[in-house]
Amino acid sequence: MPMELNSSQLQAVHHKDGPMLVCAGPGSGKTAVMIRRVDRLIRTCHIPPEQILVVTFTRAAALEMEQRYLKLPDQDGSTPLFGTFHSIFLRMLKTFGICVSSHILTEKEKHQLIYRELSGSFPLQEDQDYILQMFFNDVSRMKNSCIPAREYIPVSMERNLFLEFVTCYQKKCRDLKLMDYDDILILTNHHLHTNAAFLNYWQRRFSWFLIDEFQDVNQLQYQSLRLLASAASNLFAVGDDDQSIYRFRGSSPDIMKQFLSDYPDCARVTLEQNYRSPNRILIPAVNLI
């Protein structure tokens, strides 16, 4: 992280009210910007830390960001909530007693559940593990894209067989009162839309939202964020549409275009200066892109 922020970084850090989209390529100091922005909201704008939510896509990224924040000078140990979509939404559900951690299926348990029920229906017996993984990729993409099973076009298998598999899987989850990680997002989104007490509580709890890797947000996550932030629209989204890596979960860099459409008056800034790579790497990379 540079000791002094450049003018684009400062513009992002000093933004206060309302939505903002930050287009930030690799090595442009986006994490530093997010940490400095959190620090400024708390120190200069006097926003209570507990009202700030910082969303990342991996636990490692959330932990690194929190640790870097705590290393800033004169920290008193009070921090905003740093976490992934899944960890934050699970906390929200657990706070209201809607689910507990033991309800959540691991990846291994998901495979075991469907394998026990449908082991005789696999198209190619010798490729069962591969087909199962592709099947669950389809299920994840279907759920996160908010597409009904009957309308979804799978890549793992023929549509009728996929419908048989997914119907069986979802029924077993209901019967056993189990859910997978994608169901955490679905259940949270459902309660935000249908449970006024749930929505009001979390809208009072969080007023400022910072989202990292915004290009990897999917429709389900975006809908929930918009609803949570609807009271003040203090959404600070940081992303790079050249770096989307979660398409298998329904993410799309088109979310960044949708953000601009949904918030036509949002502030925008681009972080163009790269602090990570020398010009001999940057120039050919930019030309290639």
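## Overall architecture

The protein chain has a secondary structure of twelve helices and six strands, in a model that is predicted.

When contacts between residues at least 6 apart in sequence are taken as the reference set, 75% of them join residues at least 24 apart.

## Packing of H10 with H11

Helix H10, which covers residues 219–228, packs with helix H11, which covers residues 254–262, at an angle of about 25°, and the axes of the two helices lie 12 Å apart. Angles under 35 degrees count as roughly parallel, and H10 and H11 are therefore roughly parallel to each other. The crossing in which H10 passes H11 is right-handed.

On the H10 side, Gln 219, Tyr 222 and Arg 226 take part in the contact, and they meet Ile 255, Gln 258, Phe 259 and Asp 262 of H11. Sorted by class, the residues of this contact of H10 with H11 comprise three nonpolar, two polar and two charged.

## Packing of H4 with H10

H10 also packs with helix H4, which spans residues 85–95; here the angle is about 55°, with the axes 12 Å apart. That angle makes H4 oblique to H10, and the crossing of these two helices is left-handed.

The contact is formed by Phe 85, Phe 89 and Met 92 from H4, together with Gln 221, Ser 224, Leu 225 and Leu 228 from H10. By class, the contact of H4 with H10 holds five nonpolar and two polar residues, and no charged residues.

## The two H10 contacts side by side

Taken together, the two descriptions show H10 roughly parallel to H11, whereas H4 is oblique to H10. The crossing of H10 with H11 is right-handed, while that of H4 and H10 is left-handed. As for charge, the contact of H10 with H11 includes two charged residues, whereas the contact of H4 with H10 includes no charged residues.

## Tyr 115 in helix H5

Tyr 115 has its place in helix H5, which runs over residues 107–118. With a relative accessible area of 38%, Tyr 115 is partly exposed, because that class lies between the cut-offs of under 20% for buried and over 50% for exposed. Tyr 115 and Asp 129 are separated by 14 residues in sequence, and their C-alpha atoms are 9.3 Å apart in space.

How values were computed: Residues numbered from 1 in each chain as written. Predicted model: local features only at pLDDT ≥ 70, side-chain atom pairs only at ≥ 80, totals over all residues. Heavy atoms only, no water. Helix = DSSP H or I, 4+ residues; strand = E, 2+ residues; numbered from the N terminus. Contact = heavy atoms within 4.5 Å. Axes fitted to C-alpha atoms, helices over the stretch in contact; angles between N-to-C directions. Parallel < 35°, antiparallel > 145°, perpendicular 65-115°, else oblique. Left-handed = near helix turned anticlockwise from the far one by under 90°. Nonpolar A, V, L, I, M, F, W, Y, C, P; charged D, E, K, R; others polar. Buried < 20%, exposed > 50% of the residue type's maximum accessible area, 1.4 Å probe, protein only.
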